[in-house]
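Trainee: I have a new fold to read. Where should I start?
Mentor: Let us look at it together.

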Amino acid sequence: MTPHPGTLHHGIPQYRLDGPPDAPVVVLGPSLGTSMDLWLPQLPALTRRWRVLRYDLPGHGGAPSPPGPYTVEGLAAGVALLLDRLRITGAAYAGVSLGGAIGTALALLDPVRVRSLVLCCTSPRFGDPGPWRERAELVRREGVEPVAATAAGRWFTPGFTGADPYVAMLRATDPEGYAGCCDALASFDATATLVNIAAPTLVIAGAEDGPTPPRGHADRLAEGIPGAELVVVDGAGHLANAERPEPVTEAITAHLDRTWKGRE
């Protein structure tokens, strides 16, 4: 389904397909400041039974940064257009943080196509818009280094030693693409429309997630989406799929296998 003519989009995203060509499709959306490689810890398990479609946000992973302003709904419309181009009529979707918000918007925009949904370390509203606008202005003025220098502390628990590859993704991100995505997060608020999500939904939260703690973020998703299940992963920060890949992968694969059965 092509987005409604009145829906803005920000171009078809850069993407990669892995896994068996005839398998059901799962789309994986990354977090702000990371590339599609954020999902590498889950790729071996998912590609056993799924055709995995990963994409990059504007300015991330070497993708171009189309002119803004960006919105989460516009980014979701771009994913819908990508699915159109690939002739994918039904898919599961899993996303982290901004990638999760895009999944929320896509499930509302295209409910027939999104048949199963996983929302990881994300929110229906990412706080007051002011700090996001300020971060966007900082990055446009000084580049991504000021936010990269503090990223490990935002994304992971203090004892995690594997942050460097993920911080490197942020350092490689185009400042305008990063800033535009900050603007998208500033304006996003799906709280009142969560009740309209029809896809079977799993919400995953990191117990020690600072940017989107379970209380006030994951719990609002789980309470607002009809029938949604909430799993809280101990010892995980904001990028829970990278810090605690085993329990996150297990939760995702179990949910997809359970909810996709009979929905081909």
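This is a predicted model: local features need pLDDT of at least 70, side-chain atom pairs count only at pLDDT 80 or more; totals for chains, interfaces and linings use all residues.

Trainee: How many residues of strand S4 are buried?
Mentor: Buried means under 20% relative accessible area. In S4, residues 91-96, that holds for 6 of the 6 residues, so the strand is largely enclosed by the rest of the structure.

Trainee: How do strands of a sheet pair?
Mentor: They pair through backbone hydrogen bonds, either parallel or antiparallel. Here S2 (residues 25-29) and S4 run parallel, joined by 5 bridges. Val25, for one, has Ala91 as its bridge partner in S4. S4 also runs parallel to S5 (residues 114-120), with 6 bridges. There, Val96 stands opposite Cys120.

Trainee: In what order do the 7 strands form the sheet?
Mentor: Read S1-S3-S2-S4-S5-S6-S7. The sheet is open, and its pairing is mixed. S1 (15-18) and S7 (229-233) stand at the edges with a single partner strand each, so one side of each has no neighbour in the sheet. On average, neighbouring strands are turned by 20° against each other, direction ignored.

Trainee: Which strands does H3 touch?
Mentor: H3 packs on the sheet and touches S2, S3, S4 and S5. Its direction makes about 145° with that of S4. H3 (residues 98-109) also belongs to a right-handed β-α-β unit with S4 and S5.

Trainee: Which strands does H11 lie across?
Mentor: Helix H11, residues 245-260, lies across S2, S4, S5, S6 and S7. H11 runs at about 160° to S5.

Note on methods. Residues are numbered from 1 along each chain as its sequence is written. Side-chain values use heavy atoms; hydrogens and water are left out. Buried means under 20% relative accessible area, exposed over 50%, partly exposed in between (1.4 Å probe, protein chains only). Helices (H or I, at least four residues) and strands (E, at least two) are DSSP runs, numbered from the N terminus. Two strands pair if DSSP finds at least two bridges between them. A crossover is right-handed if, with the strands pointing away from the viewer, the path from the first strand over the helix to the second runs clockwise. Axes are lines fitted to C-alpha atoms, for helices over the stretch in contact, and angles run from 0 to 180 degrees between N-to-C directions. Contact means heavy atoms within 4.5 Å.
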